Amino acid sequence: MVPGVAGGTAADTVTVMTWAPQDTGATNRPGMPALALAYARWVNGHGGLSGRRLKVLTCNDHNDGVTAAKCARRAVKENVVAVVGSYSQHADSFLPVLEGAGIPYIGGYGITTREFTSPLSYPVNGGQPALLAGLGTALAGACGAVAMVRPDTIAGDQLPPLLDSGLTAGGHPDATDQRAAEDATEYGGQADRALRSATADATAEGCVVPVLGDRTSTFMDSFRRARDAWPEVRTATVLGSVDQSTVNATGGASSPYEGSYVTSWYPVSTDPRWGPMKKVLKEKAFGDNRVDAADAGVQTTWIAYTVLKKVVASLGDGPVTADTVSGALDDGLEVGTGGLTPTLKWTFQSELAAVGFPRLVNADVTLQVVRQGRLVAARKGFLDTTDTLRAAEVS
């Protein structure tokens, strides 16, 4: 029996799964399952989800499609009611398994286009589409030539048109698209090529946009060494490739990120609206260095569990199953997130269905800038990228 939670039998338990890559040579998101486990400890100590015990299973997808599918099959076997607050680049591997079992995918990281097309996907942010469209909009008036460095992967292939949609909306030419191995140990050649492209127009300061997830820091190490041989350029990227801990680790105010624009889905980590999450982390994840309150994956997982809590509450004394959870969401349940996002509500035909994103219901992003070594808001409030994305040429 869980303290504060009546019962404790299987019927009184809500079982979910959270997955993410850990201990790999590319992007890792260990904070997401760690936050999920901390949230379960906290909620079970405070009465559970409407009196039900929350059980969180975790899985490491290893940035591998075969393993991602194994995680999904385990979710089916364990009869989870949802996969919540997770990250995987391999939606083509895991979503068919979840769809076959009717299991909803709530609050994926938004790294793949399929997360915005599956009828059982309920994204809480605009994923890479919104981040890149918003970044392109910001850079259109601030940059000369723009060079984008992104992973040479299927997920990476989807990124350039999104950045270009924002640039085009601002009357700017498309960025130079430069592929790079997502697990490289150095990027000297890519840094030189990006600098060559970004400095092609001598009349305006160019911009280099690395979007390489965890390997963005590796790229910036090479970039820092290469940039002295070239005219001055600005850097810009998206949250998930850079966060406050990255800026700190690369020199703070003397970091190569100083002056960089960074788009995020959410308010800056110092915003008081993150107070409830930080309270849970302090109580249940103190000393766990996997969990960083400034990490976009951790923040996404928090919001995804906020959605789950609201869904379970809406079901009252009725059964909590994969079908009833997805049914509540499909019936128009509205979820407030304390101002961290707009009120969330999923429909089958969103405003962005015509360009291939029928499940993208939150296209808002925030624009941040690294100033004196700190990520701070570059403008007040949110930027809605809906109109920009409508014009995106996404295959």
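## Buried cysteines

Buried here means under 20% relative accessible area. Cysteine 143, with a relative accessible area of 10%, is therefore buried. Keep that cut-off in mind as you look around this structure, which is a predicted model.

## Two disulfides

How many disulfides does a search of the whole structure find? There are 2. A disulfide is a covalent bond between the sulfur atoms of two cysteines. If you number the bonded cysteines of the protein chain in sequence order, the pairing reads 1-2, 3-4.

Let us begin with cysteine 59 and cysteine 71, which form a disulfide with their sulfur atoms 2.1 Å apart. Cysteine 59 belongs to strand S2 (residues 53-60) and cysteine 71 to helix H2 (residues 65-77), so this pair ties together parts that are 12 residues apart in sequence. The torsion about the S-S bond of cysteine 59 and cysteine 71 is about -80 degrees, which makes the disulfide left-handed. Are these two cysteines buried or exposed? Cysteine 59 counts as buried at 14% relative accessibility, and cysteine 71 counts as buried at 0%.

The other disulfide is formed by cysteine 143 and cysteine 207, with sulfur atoms 1.9 Å apart. Cysteine 143 sits in the loop between helix H4 (127-140) and strand S6 (146-151), while cysteine 207 is in strand S8 (residues 206-210), so the pair ties together parts that are 64 residues apart in sequence. With -80 degrees about the S-S bond, the link of cysteine 143 and cysteine 207 is left-handed. As for cysteine 207, its relative accessibility is 1%, so it counts as buried.

## A look at helix H4

H4 is mostly covered, as 13 of its 14 residues are buried. How far apart are the end C-alpha atoms of H4? They are 20 Å apart, and this agrees with the span of 20 Å that its 14 residues should have at 1.5 Å a residue.

## Salt bridges

Charged side chains meet in this model too. The count comes to 11 salt bridges. One of them joins arginine 114 to glutamate 99, and the closest N and O atoms are 3.3 Å apart. This pair links distant parts of the chain: arginine 114 is in the loop between strand S4 (105-106) and strand S5 (121-122), glutamate 99 is in helix H3 (residues 91-101), and they are 15 residues apart. Arginine 114 has a relative accessible area of 27%, so it is partly exposed; glutamate 99, at 27% relative accessibility, counts as partly exposed.

Glutamate 232 and arginine 227 form a salt bridge whose closest N and O atoms are 3.5 Å apart. Here glutamate 232 counts as exposed at 58% relative accessibility, whereas arginine 227 counts as buried at 18%. The side chains of aspartate 288 and arginine 290 also meet in a salt bridge, at 2.8 Å from N to O. Aspartate 288 is buried, with a relative accessible area of 18%, but arginine 290 is partly exposed at 39%. Elsewhere, salt bridges that share partners join Asp92, Glu99 and Arg114 into one network.

The unreviewed UniProt entry carries the annotation "domain: Leucine-binding protein", which covers residues 27-330. In the model, that span is 43% helix and 13% strand, and its end C-alpha atoms lie 32 Å apart.

Technical notes
Residues numbered from 1 in each chain as written. Predicted model: local features only at pLDDT ≥ 70, side-chain atom pairs only at ≥ 80, totals over all residues. Heavy atoms only, no water. Disulfide = S-S within 2.5 Å. Helix = DSSP H or I, 4+ residues; strand = E, 2+ residues; numbered from the N terminus. Buried < 20%, exposed > 50% of the residue type's maximum accessible area, 1.4 Å probe, protein only. Expected span 1.5 Å × (residues − 1). UniProt positions renumbered as here; feature names shortened; annotations may be inferred. Salt bridge = Lys/Arg side-chain N within 4 Å of Asp/Glu carboxyl O.
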